[in-house]
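Could you help me learn to read a sheet and a pair of packed helices?

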Amino acid sequence: MIKKEVEKILQYVQKPARYVGGELNSVVKDAAKVDIRYAFCFPDTYEIGMSHLGMKILYGLVNQRDDAWCERVFAPDTDMEEQMRANNVPLFALESGDYIKDFDMIGFTLQYELCYSNVLNMLDLAKVPVFSKDRMELTPIVCVGGPCTCNPEPIADFCDIVFLGEGEETTNQVIDLLKECKANNCTRQEFLHRAKDIVGVYVPSLYVDRYNDDGTLKSLTPIDGAPMPVKKAIISDLDKVYYPDKFVVPFINIVHDRAVEEIFRGCIRGCRFCQAGFIYRPIREKSVETINKQAKALIDNTGYDEISLCSLSTSDHSCVDEMLTTLIDWTEKEKINLSLPSLRVDNFSDELVDKLNRVRKSGLTFAPEAGTQRLRDVINKNVTEEEVLRTCTKAFDNGWCSVKLYFMMGLPTETMEDIEGIADLGMKVVHAFGKNPNRQAGTGVQVSISCASFIPKPFTPFQWEPEDNMESLQQKQKHLLESIPTKKIKVSYHQTPTSLLEGVFARGDRRLSKVIYTAFRNGCKFDSWDDKFNFDAWMDAFNQHNIDPYFYTQRKREFSELLPWDHLDYGVSRKFLENENKKAHQNTVTPHCRIKCSGCGANKLNGGHCDARN
């Protein structure tokens with residue numbers, strides 16, 4: 001329900017549909033009949049947030065309860081924010097139109113380090129104190145979750161609780177506790193003291209940080225009986241855990257406007273640069289029966305004509321052929337497009353090609369990640385040039401004429417020869433198309449090369465490595481462009497200033513909270529958007545607090561150094577990561593989990609169980 005003061009300002013903004021709610025499958029309840037109101041906030045625009053699967057899952061999960069109501073909140077674009085501030089309209093939730101400062105829980109999902117300034121801006125726009133120490137009443141409790149919370153220290157001063165790992169069970173436990181504390185008139189501190197005992201909940205205010213003279217972390221000490229380490233939460237059985245049978249269907253186009261079915265969590269591969277591949281371990285799969293049932297329900301309840309399978313590596317599901325056969329049997333009849341992202345070049349089988357030929361053709365995407373075999377061995381990609389070319393040839397044989405190749409730039413031990421290798425591999429793919437006798441007459445090939453700047457992340461074997469500096473990355477980008485001899489190859493890459501900021505916050509500590517706050521006060525927001533990113537304002541914020549951003553990015557850490565996230569347990573052992581780092585510098589690969597278990601330790605969080613070798 002739109003408030004009158006909001007309705008008045010909508011005529012002045014570009015996309016009013018972002019702010020009105022009322023979409024198909026949105027949940028509206030009687031606020032007087034629920035005990036807990038939960039504002040689920042995505043710190044970016046509606047189009048991006050509405051594409052996020054985690055929000056869809058937790059929105060449906062909380063709204064199953066009769067005693068709780070979860071509503072959606074997105075970062076208003078700058079035109080809407082100007083109107084809201086000028087007309088004294090606080091940040092509101094879409095379903096009810098009510099101001100979120102009056103809610104019991106305000107939760108943010110942190111998908112990307114460059115959203116931190118938006119979190120502060122949304123709290124400020126909501127008229128909620130930005131620092132947790134300034135929030136005196138029991139509610140609202142400000143919580144964060146998502147992949148960035150595997151190192152939440154840079155934003156520790158702003159949040160009351162941090163959800164570590166998977167939130168399906170933890171969210172309900174926290175809601176139950178908050179409901180009880182509200183009924184018993186408990187204080188905020190009493191709630192936090194009890195919340196610390198829930199597995200997967202981290203309370204930053206119950207840990208005290210100290211630093212060495214050289215600026216490195218000396219200690220992070222728990223107080224008041226807080227646990228050490230804090231374990232992430234994990235869902236053991238994906239066939240039994242909640243999954244929505246409907247999604248909210250937006251009024252306007254969003255980034256990923258389709259139904260999404262998650263097929264498994266975790267990854268068998270062990271690519272040394274990939275944070276997701278480690279923090280989502282151990283591997284757990286859904287059964288083909290469950291996948292099929294859930295996919296059908298989503299299509300029936302949303303009206304979408306496309307469904308995408310979600311995982312870190314779709315073709316690594318142990319029953320991929322059976323799964324695709326089952327899904328294609330009905331999607332083909334009902335003219336539903338089946339989208340298969342995250343395919344691997346080393347298991348792109350003839351059976352898989354046959355099944356892909358039965359669904360609508362779109363461009364294929366593969367990720368060699370590095371241009372030479374030496375560097376692919378360093379990062380443990382376990383993919384050869386021959387496999388890439390064989391896969392592309394197989395795709396060209398079956399009618400595809402566009403291929404997208406993902407690479408990373410700035411990887412440990414990388415040289416200019418490795419950069420040239422990216423261009424060489426792209427040209428070999430072009431030549432493979434030209435030599436193919438089965439290609440369609442009159443068609444040309446388009447090879448898109450996308451290069452992301454490598455950022456060392458926590459809980460990976462490269463968490464100790466220095467990040468490549470901006471000047472070096474720019475030289476490599478220039479050299480890559482100069483190495484491409486044909487217009488049949490298009491190159492795109494990340495802007496380097498944002499990579500610096502991402503690197504700082506990925507491995508930063510609590511001292512960065514004041515930098516983030518100062519940058520926010522200086523107008524920084526939407527930092528992941530090139531047209532809104534203000535690099536100079538960020539550098540001014542670092543200078544004001546005499547903090548060197550390059551201390552966090554360009555310094556190689558020793559294995560003996562205490563890292564800001566060492567008090568958090570995401571399952572994978574530190575010793576395993578150290579050994580993988582050493583193997584990287586020896587150009588030595590580790591076989592994936594289905595070939596041989598490498599003893600990463602993640603299965604201990606799941607009672608010793610891992611689906612990697614089921």
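Q: What should I know before starting?
A: This is a predicted model, where local features need pLDDT of at least 70, side-chain atom pairs count only at pLDDT 80 or more, and totals for chains, interfaces and linings use all residues. Residues are numbered from 1 along each chain as its sequence is written, and side-chain values use heavy atoms, leaving out hydrogens and water.

Q: In what order do the strands of the open sheet lie?
A: Strands of a sheet pair through backbone hydrogen bonds, either parallel or antiparallel. Here the order of the four strands is E15-E16-E17-E18, with parallel pairing (pairing takes at least two DSSP bridges; strands are DSSP runs of E, at least two residues, numbered from the N terminus). Strands E15 (364-369) and E18 (489-493) are the edges, each pairing on one side only.

Q: How many bridges join E15 to E16?
A: Four bridges join E15 to E16 (residues 402-409). Glu369 has Phe407 in E16 as its bridge partner.

Q: At what angle do helices H9 and H10 pack?
A: Two packed helices are described by the angle between their axes and the distance between the axes. Helix H9 (residues 288-302) packs with helix H10 (residues 320-331) at about 30 degrees, their axes 9 Å apart (helices are DSSP runs of H or I, at least four residues; axes are lines fitted to C-alpha atoms over the stretch in contact, and angles run from 0 to 180 degrees between N-to-C directions). H9 is therefore roughly parallel to H10 (angles under 35 degrees).

Q: Which residues make the contact?
A: Among them are Ile291 and Ile299 of H9 and Leu327 and Trp330 of H10 (contact means heavy atoms within 4.5 Å).

Key: Angles under 35 degrees count as roughly parallel, over 145 as roughly antiparallel, 65 to 115 as roughly perpendicular and the rest as oblique.
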